[in-house]
Amino acid sequence: MLRNVLTTIAVTFIIIPAAALLWRSVEQNAWQSTSVEAVQAALFLSLFTSFISMLIILILGTPLAYSLATRPSWISAVIEMPIVLPPAVAGLGLLMAFGRRGILGRWLLEIGVSLPFSTAAVVIAQIFVAIPFFVRTAQVGFEAIPVTLKEAATVDGANANAVFRYVTLPLAWRALLAGMLIAWARALGEFGATILFAGNLQGETQTMPLLVFAILERDLNAAIWTALILVGVAMLVVILSRWLTSSARALVLEADQ
Amino acid sequence: MRPSLHLLLLILLLLTSCQSEPDKNEIAVFAASSLTDSFNELATAFEANHTDTEIVFNFASSSQLAAQILEGARADVFASANEQQMQLLEEAGLVEGTSHIFATNRLVLITPEDNPADIQQVHDLARANTRFVTAVRGVPIREYTETLLAEYTEYDAIIENIVSEEANVRQVVLKVALGEADAAIVYATDVTADLTDQIRAIQLDAPTIPRYHIASLNANAFTDFVLSDEGQAILQKWGFDAP
């Protein structure tokens, strides 16, 4: 009885903010008075930057996750740091590293590259905060593959590349995809590090979360509308990644038998 | 299950007890971010005279504060950096009595200490590749900056040079202090003693005079204190001019 009450409170607490957004948007006909141009620009920028971020995360993160799965190392703790770091700290750190007076930024400036306030800065911030989510999920996926399977392939004459290509990847791709989805969602929602490091300008650095924050006081309807799109994306990502991880587990179990 | 109910009740009890200490009155002051330093000192002086009262602050852009109050945030005092945001609350019938102008400010052109883009006057902001930073539209400093720049023939070129629109004037100042932006137009009072070694300020002989408005939203003594001689002296110490 009590458990039911507490469960209901918890579930309601999580549902209410999203429901309130939906309610207000219907009540005020938010879509009619929204400044479409800003929402479109932010939506496009968010999709574009998160796509580039995902590409780089996949290229850099997959070998890393595989190494960590085969040879556990203290590095995994370091990799997970951005997950628990407050976004403002991440933004400040990126500024100190890549800002015009930063450790690397100073050097970049000499060859004519200035990152702050650029779309590239948005991508850097997204990669920094999202890559741990991908590496963590991918690593679990790689680890779930029984060593016996890989050993069997090796005994049958497959070299390391062939084992990776024909055994590991087919069994781990769902985990990789699930990791990509979670990382993508994190990149799409990135706010604190972006506003500090990349600034806020329509079409250049103003992604959807920044738009929600920047126009809140001037155009509440546009903010609500943008927020609703982000809520929808979040729902979709959660459902998809749950399906992917559960079927990945099933696939590995099947292969093991 | 029993212990978890007790735990939940205990947590709720703790939360409500931080909300309202029975022996202390709380005055919630929503103030423009440019008032951060001066209002903190005003609060210390006020609390010294009213030991039973505690001032709690919410500093942000005046437009964001007005939006929060219109959405139902509990505020006892609103101090705005311009008239428009105060009018929004007056039109909504939230202001008790009338609002008062309690201080004025001046606009300055700021650059990082080393002035990498060699900005000496407003005209220089129009130079290609100058990184000019300001606040989001609706924030008072943005409106004052727009009014000032409208007097210049280079207006379009300067607006083109905006690299970022920040949430409030203090964030604008930060971007210049860090050396990320080349220049900004902010209030003279934003260049506080702590920042003089990071920022160069160029006085502007501008006709635009920022005026700060204050109003009580619920009866309280803090608004009167800001308007009193003692309050005015503290504001002037931080560089504000008398209304």
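Modeller: In this predicted model, helix 2 (residues 36-49) of chain B packs against helix 9 (residues 229-237) of chain B at an angle of about 145°, and their axes are 9 Å apart. Helix 2 of chain B passes helix 9 of chain B in a right-handed crossing.

Colleague: What makes Ser38(B), Glu41(B), Leu42(B) and Ala45(B) of helix 2 of chain B part of the contact?

Modeller: Contact requires C-beta atoms, placed from the backbone, to lie within 7 Å. Helix 2 of chain B contributes these four residues, and helix 9 of chain B contributes Glu230(B), Gly231(B), Ile234(B) and Leu235(B). By class, the contact comprises 4 nonpolar, 2 polar and 2 charged residues. Gly231(B) belongs to the contact, and Gly counts as polar under the classification.

Colleague: Why are strand 2 and strand 4 of chain B said to stand at the edges?

Modeller: The open sheet of chain B has 5 strands in the order 2-1-3-10-4, with mixed pairing. Strand 2 (53-60) and strand 4 (96-104) each have a single partner strand, so one side of each is left without a neighbour in the sheet. From one strand to the next, the twist averages 20°.

Colleague: Which strands does helix 2 of chain B touch?

Modeller: Helix 2 of chain B packs on the sheet, touching strand 1 and strand 2 of chain B, and its direction makes about 175° with that of strand 2.

Methods:
Residues numbered from 1 in each chain as written. Chains lettered and ligands numbered in written order. Predicted model: local features only at pLDDT ≥ 70, side-chain atom pairs only at ≥ 80, totals over all residues. Axes fitted to C-alpha atoms, helices over the stretch in contact; angles between N-to-C directions. Helix = DSSP H or I, 4+ residues; strand = E, 2+ residues; numbered from the N terminus. Left-handed = near helix turned anticlockwise from the far one by under 90°. Contact = placed C-beta atoms within 7 Å. Pairing = 2+ DSSP bridges.
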